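Subject: Handover of a structure and summary of findings

Dear colleague,

Please find below the sequence and the structure that I am handing over to you. My findings follow directly after them.

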Amino acid sequence: MVTLSSSENDTPQPAGCFHCGLPIDVDVDYHQLLDGSQRNFCCFACQSVCAAIYDAGLQGYYQRTPQGVLLAPPPTPPKDIEMYDLDEVQQDFVSCQGELRETHLLVEGIHCAACVWLIERGMMRTKGVESANVNLAGKRLHLRWDNSRVKLSNIINILSKIGYAGVPYDPEAAEGSMKRTNRAMLFRLFFAAFAMMNLNLIAIALYSGADRGQFVGFFHWMAFALATPALLYSGYPFFKGAWSGLRNASLTMDLPIAIGLTVTYSYSLYVTLTGSGQVYFDTVTNLTFVILIGRYLEGMFRHQAVAATNRLMDLQPRVATVLTDGVEKMTSVRAVGVGDMVLVKPGSNIPMDGLVREGSSSVDESMLSGESMHVKKHIGDRVAAGTLNGSGALVVEVQAASADSTLSKIIRLVEEAQSSKAPIQRLSDSIVPWFVLVTLILASITFYLWSDNFEMALMAATSVLIITCPCALGMATPMSIAVASGLGAKHGILVKNGVVLETLSKVTHFVFDKTGTLTEGKMRVDQVIVASGCDETHSLALAAAVERYSEHSVARAVVAAAESRQLSYRNLSVLDFHATAGAGVEAMVEGMPVLLGTAEWLLRNAVTIEPALMLSLDELESQAKTCVHLAIDGQHRAVLVLGDTLRADAQALINTLRANGIGMTLLSGDRRLVAEAIARQLGGMEVIAEVLPQDKDRVIQQLQQRGECVAMVGDGVNDAPALIRADVGIALGSGTDVSVESADIVLMRNELDKVRLATLLSRRTLRTIKQNIGLSFVYNSIMVPLAIMGHVTPLVAAITMPVSSLLVIGNAARIRNLFKE
Amino acid sequence: MEVIYSLIPGMTFFGLVFVGILIWAVKRGQYEDMEGNASRILLDDDEDALLHNDVKDKVAK
């Protein structure tokens, strides 16, 4: 193994953190004396993890880390792990044999083989752990331990000390039936492959002359012995599919396959019994094998797409502390009903969707919104399951059962996305029965045409049945969509329904929301300009006192500014809080009316604008600063100057779109000058500023009336109507659930670049679908007439048909290479 | 040429045995983690020999 930093090297590596290798910020100082030499770290987490590793005598880990691999800083350890010791919680994912227990942990933070070594050594040195086995590919740990000697929570604790976050999970529930059916398919495939290879050898012998020798009977019976189990076992899915199709009075793709297989097999059996003619057992197995391969690949791509959901499932809380008459009791979330009171301790996950009834706290909703900024929650506020409670304890009245929580909805959304069908696919679905019918009729006609010669007629009809198998047609779209949505999910692009994959490639105009979409959406107060005779801190304190009741990004910035200056704004009495969307907020603070908002709104509320405060405003606004005006007791007293930074990837996205000749509009509720400044920074685009939320939707409508196909990119609740109105709505993962629900595409990570990737993906998918459908039409229109004319033997049909299917599958699979360059 | 009467069924039988082994291996999870086990064999446990005695004692316990 190559060493990353050998222990002989006494000078600490100046390049980066000793543990994770990331660069160390100049202003941080985390260091520790280890084995007689000073080591520097990028953060406290790295330092403590490294110290723990040395304490355990596992420093060999650093020698085993491959050179050049940058480890990430250790993930945040899981909270509330004591609950995993409860038997009722464990029953979901632990198999018990008395005190000897067994479970799987999903481990975050595994990067390389050295981690496998570290975890296994670390675990084996823990008393009570019987065996620990890390699966590097699946990032899982299989654990057996003696519950009387060590608790599961202790094990997870040790794991987090050496830098890994482990969460128990149930592999059955996570991958479940999907994996089982996929595996059953794999076994059928194995058997078909085995039978096919052996039969091909026999077939070669027969074709090269053995069919005239003394062994012909033997070869026929051997072929029969191989083909019969292959047909019954490996071909079972086709018969089942055809039969269930027939019972539901619909013609499925399985039907011609099943008929073709049966006819070929029966004829070959007849030949074997009578001893005259040729057998086609090899055709039966070849066909079975190749069609099974197609099905298996399709199942595999679906499976990969589903894997993306597992991480989300993992966020679902498992237990809740229910308060009944002041008594706390820990129960499984499934047992908690609507209306129950649930206690949420600081630092733990909120188990259910509900309303805060007691207490206040800040909640990390990044799981739902992607915003790292904590959201303040007070009595009456809504909290969502899976989000992380901050510093205060909350009593929450449960509003929705666990299965109806926002998180469950998101998970369902993902699942829906994977099974949804594009119109083009619905088209091919409705074609399939007709296709099958035509195939059956054509086969009958062929049989009739050749009826003088029974063997020829049978062979030609079978060729038609096999060769026109609409597999390629039926697989063309689902394969492409499955591959594309799987690839999307892997890159954080959730396609809610297949339709938009089609529409997105036709979009001619993009509309962007400004705040939170093109910009970070994290405002901060840069400057407070006060009128003469006013105190800056006092103004800010008054502003914060009002704004803490608002959820607007400006409000958060003002409150954050007050917090950072440690102003005591919380003890000011605030009454009659009222917010006017897109204008401002007002309240009575200590008996004085305080207004905070745009200058126009202040004017409308009979406030005289102070000219001295307005002097530098134009200049500030042309620098893309937002100015919020503060009026106290009817007097214009101060201007808060707020700044927002452009997202790092905004420029690249705009440039790409412009290069593709796509029109763009910036839509903002903000002042015109500010919005224009942003547009200018991005190289100029149409700006529609000072729109109220309800007007955003109208702007989209106007664009559509001009004949544009519009895609809207937004994040907030106020964008929701526009997201629905637009031909394609793209919500940034910052999704307030309204916007996520209204959008067609959800970008899980807040990266604008994903918009570009989604466009690329949709173009590629549509192109692939068209190619595939074209491919199978060309194939059918050439091969069917040939088969009817009797120029195609079943053998040739059995080779060409799968080849066409494989072409389609291969072509769809090529989508996966899209983001690799 | 009569030998093929025993050779072909014999080979087919061996083929079946291999299919059986393959299915058994998949069921046992032999293909679950190709990377991990490949590197695990390289990360041998020679480290303990280099450790101080007190650490070794701790490990031994």
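Leaving aside residues up to four places away in sequence, Y54(A) touches L34(A) and Q59(A). Please note that the model is a predicted one. Y54(A) belongs to helix 1 of chain A, which covers residues 44–55. With 16 other C-beta atoms within 10 Å, Y54(A) is partly exposed, because that class lies between the limit for exposed residues, 12 or fewer, and the limit for buried ones, 20 or more. The C-alpha atom of Y54(A) is separated by 8.4 Å from that of D35(A), and the two residues are 19 apart along the chain.

Overall composition

Chain A contains 29 helices and 29 strands. Of its 821 residues, 46% are buried. Among contacts in chain A between residues at least 6 apart in sequence, those joining residues at least 24 apart make up 68%. Chain B, by contrast, has 4 helices and 0 strands, and its elements follow the order α-α-α-α from the N terminus. Chain B has 61 residues, 3% of which count as buried.

The contact between the chains

Chain A contributes 23 residues to the contact and chain B contributes 21 residues. On the side of chain A that touches chain B, at least two residues each come from helix 2 (60–64), helix 4 (113–124), strand 5 (129–135), helix 6 (171–207) and helix 7 (216–234) of chain A. Helix 6 of chain A provides the largest share of that side, 6 residues. By class, the side of chain A that touches chain B comprises 16 nonpolar, 5 polar and 2 charged residues.

One residue that touches chain B is A137(A), whose contacts, not counting residues up to four places away in sequence, are D33(B), M34(B), E35(B) and G36(B). A137(A) is located in the loop between strand 5 and strand 6 of chain A. A137(A) has 13 other C-beta atoms within 10 Å and is partly exposed. Between the C-alpha atoms of A137(A) and H111(A), which are 26 residues apart along the chain, the separation is 9.7 Å.

Helix 5 of chain A

Which residues of helix 5 of chain A are buried? In this helix, residues 152–161, they are L152(A), I155(A), I156(A), I158(A), L159(A) and S160(A). The cover over these buried residues includes helix 4, strand 5, strand 6 (140–146) and strand 7 (165–169) of chain A. After helix 5 of chain A comes G163(A), which has a positive phi near 100°.

Helix packing in chain A

Two helix pairs deserve attention, and helix 9 of chain A takes part in both. In one pair, helix 8 (residues 236–247) of chain A packs against helix 9 (residues 254–274) of chain A at an angle of about 125°, and their axes are 8 Å apart. Helix 8 of chain A is therefore oblique to helix 9 of chain A. The crossing of helix 8 of chain A with helix 9 of chain A is left-handed. In this contact, F238(A), F239(A), G241(A), A242(A) and G245(A) of helix 8 of chain A meet D254(A), L255(A), I257(A), A258(A) and L261(A) of helix 9 of chain A. The contact of these two helices has 7 nonpolar, 2 polar and 1 charged residues.

In the other pair, the axes of helix 9 of chain A and helix 14 (residues 454–467) of chain A cross at roughly 155° and come within 9 Å. These two helices are therefore roughly antiparallel to each other, and helix 9 of chain A passes helix 14 of chain A in a left-handed crossing. P256(A), I259(A), G260(A), V263(A), T264(A) and Y267(A) of helix 9 of chain A make this contact with L458(A), T462(A), L465(A) and I466(A) of helix 14 of chain A. By class, the contact has 7 nonpolar, 3 polar and no charged residues.

Nonpolar cores

The largest nonpolar core has 60 residues, of which A711(A), M712(A), A726(A), I730(A) and I745(A) touch the most other members. Helix 15 (residues 471–490) of chain A gives the most to this core, namely 7 residues. Leaving aside neighbours within four places in sequence, A711(A) is in contact with L504(A), V507(A), F510(A), A726(A), D727(A), V728(A) and I730(A). A second, separate core has 55 residues, including A227(A), I257(A), I259(A) and Y265(A).

Yours sincerely

Conventions
Residues are numbered from 1 along each chain as its sequence is written. Chains are lettered from A and ligands numbered from 1 in the order in which they are written. This is a predicted model: local features need pLDDT of at least 70, side-chain atom pairs count only at pLDDT 80 or more; totals for chains, interfaces and linings use all residues. Two residues are in contact if their C-beta atoms, placed from the backbone, lie within 7 Å. Ala, Val, Leu, Ile, Met, Phe, Trp, Tyr, Cys and Pro count as nonpolar, Asp, Glu, Lys and Arg as charged, and the others, Gly among them, as polar. Axes are lines fitted to C-alpha atoms, for helices over the stretch in contact, and angles run from 0 to 180 degrees between N-to-C directions. Angles under 35 degrees count as roughly parallel, over 145 as roughly antiparallel, 65 to 115 as roughly perpendicular and the rest as oblique. A crossing is left-handed if the near helix is turned anticlockwise from the far one by less than a right angle, and right-handed if clockwise. A nonpolar core is a set of buried Ala, Val, Leu, Ile, Met, Phe, Trp, Tyr and Cys residues joined through C-beta atoms within 7 Å.
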